[in-house]
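Let's take a friendly walk through this model, one region at a time. Have the coordinates open and follow along.

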Amino acid sequence: MGKYFGTDGFRGEANVNLTAEQAYKVGRYIGWYFGYREGNKHKARVVIGKDTRRSSYMFESALEAGLVASGADAYTMHVTTTPSVAYVVRTEDFDCGIMISASHNPYYDNGIKIINANGQKLEAEIEDLIEKYIDGENDEIPYATGEAVGAVTDYSAGRNRYIGYLISVATRSFKEKKIALDCANGSASSIAKNVFDALGAKTFVINNEPNGVNINTNCGSTHIEMLREFVLSNHCDVGFAYDGDADRCLAVDENGNVVDGDAIMYVCGKYMKSVSELKGNTIVTTVMSNLGLYKALDKEGISYEKTQVGDKYVCENMMKNDFSLGGEQSGHIIFLKHATTGDGILTSLKIMEAIIEQKSTLATLTKELKEFPQNLTNVKVLDKDGAMNDEDVKRAISEVEEELGDDGRILVRPSGTELLIRVMVEAETKELCEKYVNHVVDVIKAKGYAV
């Protein structure tokens, strides 16, 4: 991770540690880099999308100003999803894409995600160059003048093409299916219902009235309780919850049970194997996936790999090894045949494919998966590196590892985007999980790292 760019772009509180001036500089550097650096001499084409946060409009304007000042042309998709930007970049000959979003974070945070021409997260070495420019460590970039100044073009058509693409992915009509969608008052509000209506579903939508400050507020994939209640009270066949930029999806089955990213990979992986679409007979997971998933995959004869946390790393592994399915417990699921990033709406469609083609229900398809109890606690800290390298903290982690043995595990890691230490324990009972998490958290607090 760099000074500004983490595992999911440049993220921070709007105009506190992510400012409009910094966004302008990002636009300036990107516009110049893809147009003139290393012998390039063409007008760079950059597509921009944003979520529904109030500050997203400010950052959109700042990025546009920076891009056109460096001679690039900016194409605005307006409110749209992260995967739609990735789709448009890789299919319509753009130099790169920019998504303005802080994903599942509160409305007062925001972020700048840069997507390369292949539809993947931008290379770290280019992010390093952007950081140096922001801090004034690079030579100044010349301003474009005269006809070289860039232009801003409305590109809502790109979002519409993406909607059409999603509809084309479905293998069957959703007629007679009652499907609930929680759009988190975010990017999915402009896309998801159109897709499910076009496929014939009886679509119920909640949290699709964004006002700039209600994105992710007690709704969406991080607060799935509302969707659970809605699915049960309205007797829906299934429910899908997205996050702010709709690159992740969690589901709720017809009985109100939450189906997380691990369970989604199990359902889709098992189905894809049955129709010979699971390349390498392997699912790519992260270190956060549940032990129960691995035991279930072992039973099905499906192999798996583990990467560090971040769909960026999952995608890199998949592309390197030509695997077709991977993802995270949090709901970032990648179907590499169709997308190069996590895509919440696409994930919904692939779950529906598994349900409809097998003439089953989501509850039935997940019944063989028995996930271990898990406790994940986030500790807000001032110094992530100090806490992670503290000898007493490391000793506490080792003590838990020894006591758990083969009957569980502990994972302690710093957040890639926030000043948090994440402490996760899986064990045979909830009580054991809580006991061991508290043991490590108490040491972090006792050593003075917690805020």
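Strands S8 (residues 178-182) and S9 are paired in parallel, with 5 bridges between them; helices and strands here are DSSP runs numbered from the N terminus (helices H or I with at least four residues, strands E with at least two), and two strands pair if DSSP finds at least two bridges between them. Please keep in mind that this is a predicted model, where local features need pLDDT of at least 70, side-chain atom pairs count only at pLDDT 80 or more, and totals for chains, interfaces and linings use all residues. Residues are numbered from 1 along each chain as its sequence is written, and side-chain values use heavy atoms, with hydrogens and water left out.

Contact means heavy atoms within 4.5 Å; axes are lines fitted to C-alpha atoms, for helices over the stretch in contact, with angles from 0 to 180 degrees between N-to-C directions.

**Helix H1 and its surroundings**

Helix H1 (residues 20-36) and helix H2 (residues 54-69) have axes that come within 7 Å and cross at roughly 35°. The H1 and H2 crossing is right-handed, a term used when the near helix is turned clockwise from the far one by less than a right angle. On the H1 side, the residues that meet H2 include Ala20, Ala23, Tyr24 and Val26, while Met58, Phe59 and Ala62 are among those in H2.

Which residues of H1 are buried? They are Gln22, Ala23, Val26, Gly27, Arg28, Tyr29, Ile30, Gly31, Tyr33, Phe34 and Gly35. Buried means under 20% relative accessible area, exposed over 50%, and partly exposed in between (1.4 Å probe, protein chains only). The buried residues of H1 pack against strand S2 (9-13), strand S3 (45-50), H2, S5, strand S6 (109-115) and helix H4 (124-134).

Methionine 99 is found in strand S5 (residues 96-100), and it counts as buried because its relative accessibility is 0%. Leaving out residues up to four places away in sequence, methionine 99 touches a list that includes Gly49, Lys50, Asp51, Ser187 and Asp245.

Glutamate 357 belongs to helix H11 (residues 344-357). Not counting residues up to four places away in sequence, glutamate 357 touches Thr171, Arg172 and Tyr271.

The table gives one C-alpha to C-alpha distance for each of these residues.

| Pair | Apart in sequence | Apart in space |
|---|---|---|
| Methionine 99 and aspartate 253 | 154 residues | 31 Å |
| Glutamate 357 and valine 26 | 331 residues | 46 Å |

Strand S19 (residues 420-426) is mostly covered, with 7 of its 7 residues buried. In a regular strand the side chains alternate between the two faces of the sheet. In S19, Leu420, Arg422, Met424 and Glu426 are buried on one side, and Ile421, Val423 and Val425 are buried on the other.

Strand S17 (residues 374-380) pairs with S19 in the antiparallel sense over 7 bridges, and asparagine 375 stands opposite valine 425. Strand S18 (residues 409-414) also runs antiparallel to S19, joined by 6 bridges, and valine 412 has valine 423 as its bridge partner. S18 and S19 make a hairpin with 5 residues between them.

Helix H15 (residues 430-446) buries Cys433, Tyr436, Val437, Val440, Val441, Val443 and Ile444. Seen down the axis of H15, these buried residues fall within an arc of 155°, so they line one face of the helix; the arc is that of the directions from the helix axis to the C-beta atoms. The face turned away from the buried side of H15 carries the exposed residues Glu431, Lys445 and Ala446. Covering the buried residues of H15 are, among others, S17, helix H14 (391-404), S18 and S19. Just after H15, glycine 448 takes a positive phi of about 85°.
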